[in-house]
Amino acid sequence: MLWFIALIALVLAVCYRRTSLLMATWVIGLWLMAYLLAYGVTPFSQGLWALYLLIFMPLNINTLRMKWISRPMFKLMKAALPPMSQTEREALEAGTVWWDAELFSGKPNWKMLQDLPPTRLSAEEQAFIDGPVETLCAMLNDWDITRNRMDLPQEVWD
C-alpha cells in the first residue's frame, strides 16, 4: 500500500512541478522499475506495467496523442463553448495584454514588471488631481461622515 501512496505522491509532485510529459514518463517508469526490483514479477506489477505501457507510452507519440486525445477533446470543448460575441472578438483583437498575461500565467516574470517604465500623469490629469480632487479631499472628514452624519455633507454632494 505504501508503494501505491508513493506513486500517487510522485504523480502529484510531477504535476506540481509542471514536468514535461517525457520526463514524467521516465520518472514513473523508474518508480515501476524500483517496484519490480523490490517485489519481483507479480500480477500487480504486471498490471502496473501494462497500464504504464498502454497509457503513458502512447502519450509520448505526438501523432497518436493528437489523433486520439487532443482532437477529440478540442471538438468536445468547441461544441460546449458558446459562440464568441462581437464584443469579445473586438476585445481580443484590440491589442496586447501588457503585463496581465504574465500575472495570469501563474508564474509571472517579476523582472518584467520591474523593468517597465513608471507611468506618468498627463498635465491635464495632474491638474485634475491637484485641483478638484484636492478640494474634495479637504472637504471630507471620515469620522464625521461615518459616525455622525452617515452620509456625505451636502456641500460635497453639490
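Student: Which residues do ring pairs link into a cluster?

Tutor: The cluster joins Trp 3, Trp 31, Tyr 35, Tyr 39 and Phe 44 through ring pairs. Keep in mind that this is a predicted model. The structure holds eight aromatic pairs.

Student: Let's take one of them. What makes the pair of Trp 31 and Tyr 35 stacked?

Tutor: Their ring centres are 5.7 Å apart, and rings pair if the centres lie within 6.5 Å. The planes of Trp 31 and Tyr 35 make 20 degrees, and planes under 30 degrees apart count as stacked.

Student: Where do Trp 31 and Tyr 35 lie?

Tutor: Both belong to helix H2, four residues apart, which is about one turn of the helix.

Student: How do you know whether Trp 31 and Tyr 35 are buried or exposed?

Tutor: Buried means under 20% relative accessible area. Trp 31 has 10% relative accessibility, so Trp 31 counts as buried. Tyr 35 has a relative accessible area of 10%, so Tyr 35 is buried too.

Student: Now the helices. Why are H1 and H2 called roughly antiparallel?

Tutor: H1 (residues 2-16) and H2 (residues 21-39) pack at about 165 degrees, their axes 10 Å apart. Angles over 145 degrees count as roughly antiparallel, so H1 and H2 get that name. Their crossing is right-handed.

Student: What makes the contact of H1 with H2 nonpolar by class?

Tutor: On the H1 side, the contact residues include Trp 3, Leu 7 and Val 14, and on the H2 side they include Ala 24, Trp 31 and Tyr 39. By class there are 15 nonpolar residues, no polar and no charged ones. Ala, Val, Leu, Trp and Tyr are among the types that count as nonpolar.

Student: How do you know whether Ser 45 is buried or exposed?

Tutor: Ser 45, in helix H3, has a relative accessible area of 1%. The limit for buried is under 20%, so Ser 45 is buried. Leaving out residues up to four places away in sequence, Ser 45 touches Tyr 35, Leu 36 and Gly 40.

Technical notes: Residues are numbered from 1 along each chain as its sequence is written. This is a predicted model: local features need pLDDT of at least 70, side-chain atom pairs count only at pLDDT 80 or more; totals for chains, interfaces and linings use all residues. Side-chain values use heavy atoms; hydrogens and water are left out. Axes are lines fitted to C-alpha atoms, for helices over the stretch in contact, and angles run from 0 to 180 degrees between N-to-C directions. Helices (H or I, at least four residues) and strands (E, at least two) are DSSP runs, numbered from the N terminus. Angles under 35 degrees count as roughly parallel, over 145 as roughly antiparallel, 65 to 115 as roughly perpendicular and the rest as oblique. A crossing is left-handed if the near helix is turned anticlockwise from the far one by less than a right angle, and right-handed if clockwise. Contact means heavy atoms within 4.5 Å. Rings of Phe, Tyr and Trp (its six-membered ring) pair if their centres lie within 6.5 Å; planes under 30 degrees apart count as stacked, over 60 as edge-to-face and the rest as tilted. Buried means under 20% relative accessible area, exposed over 50%, partly exposed in between (1.4 Å probe, protein chains only).
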